[in-house]
Amino acid sequence: MFYRTLMLRWLRNVNIRNKIIFIYIPLVVIPLLVSGYVSNQMYTRNIVQKTMQSISDNSRLIVTRIDGIIQNAEGCANILTLNLNRLVQEEGQPTEETDPRYDSLLRNQLSFALLVFPDVDSAVFIDNGGKTYASHPSLEVNAHEYTMSDISKQLIASSGNNVWFNMQKRDFLTRTPEQTVLTLGKKVSDIETGKTLGWLILNIDENSLSNIFPSNETYQSEVDFLTDKKGTVVSSNETEALLKPVANATLRNWILDSQKPGQASPYQEDGILAVGYPLSKLNLSLISQVPIKELYRETDRIQLFILLLIASCLLLVLASAGLLSRTIASPIVRLTRTMRKVKEESLDYSFEVKGNDEIGMLGEGFNSMIVRIRELLNEIGIEQRQKREYELALIQAQIKPHFLYNTLDVIYALSDMGRTKDVKRTTKALADFYRIVLSKGQEIITLGEELQNVRDYLAIQRIRYTDVFDYHIEVPSELHSCAILKLTLQPLVENAIYHGLKPANRFGKLTITGVSRDGKVQITVKDDGIGMDETKLAELWKREEKQSSPSFGLHSVHQRLRLYFGEHYGVQINSQPHQGTEIIISLPEEKL
């Protein structure tokens, strides 16, 4: 009580500037220190949690892709088993005097399977007489070592089920002795008699798995690798670590002890943040790790910023203490209350300005900021809705059933006419077309991929409409790596065929050209069809703009380009009646 009385007496006797300094400095410094410390701790924990969640999500995607490769290999083995049985039924079991044509047919079966299942690097069939048939001649080098290997012993003892072997390097049944492969083996038996016909060996190159891992330049020093149940690295972007035990002993013990099937497990020790995700098919685990110091790098900057902020506030208090007075306290309180209402309730409040001094200017600036924030939120909401609408339109239009059905009808007709080569070309073009259309969920692809997609589409349409049009594509190769929205050119080409060339009732020509001009890439789709005058062109744009739901025509392509690349890019149409139509697409010259 005595000290309190002395403190109050002292405060009454000092001037306002010293009172403000005495009271205001603790009010500024202590909250800044506390909030800075708490914020730093919360930010650090949040970074770790978000990083762990991000790594888990990435790991789940990587594991899904690896599982897909494994399933493709098993599917390839099953299909080859059926095909080999059918070949034996048609040609008979191989003997030493077997026609060389039989060898060619069998090797063709292996090579064709690799085309259908590109994830499989190589395939070998060893018949029960010990003769080797391989998809590549180098696989037959040292093939005699197979009979004495553990692979042979395990397959002989198997009952015809798929048998996976550990990732390894060996000097037989591989392209080169330096190649690291994951091997799938299967005993091939005659379906009717049960007699063993031979053994099938499929190899998956380790690079096919490690190429799925993101590079260190993409994710902040993240390292991904696959380990087996013994803690040995079986796939990694770091070749020096391949087929060696995990270098960190603590991490290796955690890998051996903590992995549970189908469940991601976190690890945070020895300066490492790691997540393990087991594969469902094999006894392998995907390990993704990030150095913790990389995560805390930003927190160090925040700490320095807080210290500088505290020092700045102290200087500001000392410099401005003599200028504070009761005349500015009330407006500040009112402004603070208004700001609190805006923060806690809504943006509908505004500050009542009663003067033209600094507080009045601050109030006007606050009011202007609130208005601008409301406008920006509204604009952001509109842009987000528009983006979602066009993304939905893209997803709905990615796979067009009528085009698929028509193409399948063409394949059926060509097959019925015995045009086997045209069937192969059409089927390959259709597969390539949909491979790029789906593109693993990617919205942005290279111009070269988009042009290949258009070539596949035109190859199919050219077979359907042989007497309607021909086409020519001439785009410089240096532009093929530029970024473009998926399915930008194909709708324009489709419009040119169905609305320009077909109605002309004469043989026409479609050309696609590309140039680089003033930092932009300009792609031109031109046809010599019926064309249109300015009135019809204006009606076309107006009709597409008034559609109640997103379309996938010219206007949709134009809007998508402007949405992703900016207002300076999009679609321009030039057309003359009976002379044709020219559509020019403008893109930024950005490389992928």
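Is Tyr465 buried or exposed? Tyr465 is buried, at a relative accessible area of 12% (buried is under 20%, exposed over 50%, partly exposed in between, with a 1.4 Å probe and protein chains only). Everything here comes from a predicted model, where local features need pLDDT of at least 70, side-chain atom pairs count only at pLDDT 80 or more, and totals for chains, interfaces and linings use all residues. Numbering runs from 1 along each chain as its sequence is written, and side-chain values use heavy atoms, leaving out hydrogens and water.

View 1. The whole structure holds two aromatic pairs (Phe, Tyr or Trp rings, the six-membered one for Trp, with centres within 6.5 Å; planes under 30 degrees apart are stacked, over 60 edge-to-face, the rest tilted). Tyr465 is in the loop between α13 (447-464) and β12 (469-474), while Tyr498 belongs to helix α14 (residues 489-501), so the pair ties together parts 33 residues apart in sequence (helices are DSSP runs of H or I, at least four residues; strands are runs of E, at least two; both numbered from the N terminus). Tyr498 is partly exposed, with 25% relative accessibility.

**View 2. Arg170 lies over the face of Phe172.** Arg170 is 5.6 Å from the ring centre (a charge sits over a ring if NZ of Lys or CZ of Arg is within 6 Å of the ring centre and within 35 degrees of the ring normal).

**View 3. Lys520 sits over Tyr569.** Here the charged end of Lys520 is 5.3 Å from the centre of the Tyr569 ring.
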